[in-house]
Amino acid sequence: MQENQKIQQFIESSLRKSSKVSERQSFPSWEEISKREIRYEYSPKKEGILVSFPKKVLFSVVGGALVAAASITFVFLQKDKFFESAGVAVTNVEESKPNKEISVALDVTASLVKGSVFILPEGAKDPMPLEKGYHLTSGDTIITKQQGSVDLEFENKSSMRITNNTELFIDRLYKTDESQTQKFTIKEGKILVIVTKQKKENEFVVGAGGQETHVRGTAFSVEYKSGKQLVAVREGMVVVGDLVVNASEQTSFSDGAEPSKVVKIFPKEDKELRAMLTQITLSRELKLYEEFSRLEMVRLEDGTEYRGVILGQTESHLQFQGPDGLMEIPISKVLESEKIR
């Protein structure tokens, strides 16, 4: 902006100066011109206006316009050299424009740490103990030992449990105004994940052994040990390669092979995910109780139950704060509500 203002000021000051040709000429005063007879009548035509000029006058006007245009063009073409010689820094305006979308780190915190758990930040040589409250970022590697595990809490209400003997690399962890990107790679071990419902623009991916699991919103686990991978789903749906794995299903395959079939989820995988879901729900309900000093349940006509806090209501909806965030419940579908704590 400053550069353009300086260029404009330079051009204006140059145009205000009379040319040497003009300075050598003597021009009649206005009083003298007003007393002269009219030599060239104004003669408008239907299709436009035609004004005639003597050749000498026409030549002077056109020539002056060409000189002015050439001067302005020269200044713009030579602006860098001109300002550099004057000691003024020149900046490319296009290069200085900010990006339309600015990405920032998505906040993910270690909410519960058990046993021996270590963090290896990007660029660091040696891992250090991971403590509760640590904010993770892209490039971090989390390492759990034999008796270690860690729970991660995402700002978007998703949760992840990294079980013992696991090494997990955080590829990308950021957000923009329009989307969120969360990508992880299991080098060895197992994770349990509860992902809140994702927008179409969001990306939640878990890679292992060269294969990726894409998630929209679900409760699932990924285990990768000795070149073999197992993906189990308790709620929702995930996509592994070209294979869709629905609720209460799982698939397993080895490195170099494409997942090709699904089977009913094993009791062990189902039990682990169900236990994690229960723990997360109870933990979030406790936070609600500590904040509002009450806990309520709303039961719908179809049997669905919501546990949380009723904040208020309109003529048609209840404003309800649940463990996963704010929601509106149609009053017409509510069967009953009660205080449970």
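Select Pro127. Beyond residues up to four places away in sequence, Pro127 touches Phe118, Ile119, Leu120 and Ile143. Bear in mind that the model is predicted. Pro127 sits in the loop that runs between strand E5 (117–120) and strand E6 (128–129).

Ile142 lies 15 residues from Pro127 along the chain, and their C-alpha atoms are separated by 8.7 Å.

**The whole chain**

Zoom out for a moment. The protein chain has six helices and 25 strands. Of its 341 residues, 32% are buried. The chain exposes about 22400 Å², and carbon and sulfur atoms supply 53% of that area. Take the contacts with a separation of 6 or more: residues 24 or more positions apart account for 45% of them.

Go back to Ile142 and show what surrounds it. Setting aside residues up to four places away in sequence, Ile142 touches Val117, Phe118, Ile119, Leu130, Leu136, Val150, Leu152, Ile162, Thr166, Glu167, Leu168 and Ile170.

Which residues of the largest nonpolar core touch the most other members? They are Ile142, Leu152, Phe154, Met160, Ile191, Phe204 and Phe220, out of 35 residues in that core. Color strand E12 (residues 180–195) as well: E12 gives the most to this core, with five residues. Then select Ala219, Ile265, Leu273 and Ile280, which are among the ten residues of a second, separate core. In soluble globular proteins, nonpolar side chains tend to be buried together.

**Thr166**

Next, pick Thr166, one of the residues that Ile142 touches. Thr166 lies in the loop between strand E10 (159–162) and strand E11 (167–175). With a relative accessible area of 2%, Thr166 is under the 20% cut-off and therefore buried.

Which backbone atoms does the Thr166 side chain reach? One is the backbone oxygen of Asn164, at 3.2 Å. Another is the backbone nitrogen of Lys190, at 2.9 Å. Now widen the selection. Apart from its neighbours within four places in sequence, Thr166 contacts Ile142, Ile143, Thr144, Glu188, Gly189 and Lys190.

**Gln180**

Move to Gln180, in strand E12. Gln180 has a relative accessible area of 18%; that is under 20%, so Gln180 also counts as buried. Leave out its neighbours within four places in sequence, and Gln180 is in contact with Leu106, Asn156, Tyr174, Lys175, Glu201, Asn202 and Glu203. Draw a C-alpha to C-alpha distance from Gln180 to Asn202: it is 4.8 Å, across 22 residues in sequence.

Select strand E13 (residues 203–208) together with E14; they pair in the antiparallel sense over five bridges. Phe204, one of the core residues listed above, stands opposite Val215 in E14. Click on the turn. This hairpin of E13 and E14 has two residues between the strands, and Gly209 takes a positive phi near 60° there.

Show the side chains of strand E14 (residues 211–215). Which residues form its covered face? Gln211, Thr213 and Val215 do, while Glu212 and His214 make up the uncovered one.

Val215 stands opposite Val238 in E17.

Last stop: select E21 to E25. These five strands form an open sheet in the order E24-E23-E22-E21-E25, with antiparallel pairing. Which strands stand at the edges? Strand E24 (325–330) and strand E25 (334–339) do; each has a single partner strand, so one side of each is left without a neighbour in the sheet. On average, neighbouring strands of this sheet are turned by 45° against each other, direction ignored.

Look at one pair inside the sheet. Strand E21 (residues 296–300) and strand E22 (residues 305–313) run antiparallel, joined by four bridges. Glu296 has Gly308 in E22 as its bridge partner.

Finally, bring in helix H6 (residues 267–292). H6 packs on the sheet and touches E22 and strand E23 (317–322). The direction of H6 makes about 25° with that of E22.

Definitions and conventions: Residues are numbered from 1 along each chain as its sequence is written. This is a predicted model: local features need pLDDT of at least 70, side-chain atom pairs count only at pLDDT 80 or more; totals for chains, interfaces and linings use all residues. Side-chain values use heavy atoms; hydrogens and water are left out. Buried means under 20% relative accessible area, exposed over 50%, partly exposed in between (1.4 Å probe, protein chains only). A polar contact is a pair of N or O atoms within 3.5 Å; within protein, one must be able to donate a hydrogen and the other to accept it, and residues adjacent in sequence count only if both atoms are side-chain atoms. Contact means heavy atoms within 4.5 Å. A nonpolar core is a set of buried Ala, Val, Leu, Ile, Met, Phe, Trp, Tyr and Cys residues joined through side-chain atoms within 4.5 Å. Two strands pair if DSSP finds at least two bridges between them. Axes are lines fitted to C-alpha atoms, for helices over the stretch in contact, and angles run from 0 to 180 degrees between N-to-C directions. Accessible areas come from the Shrake-Rupley method with a 1.4 Å probe; for residues, only the protein chains shown count as cover.
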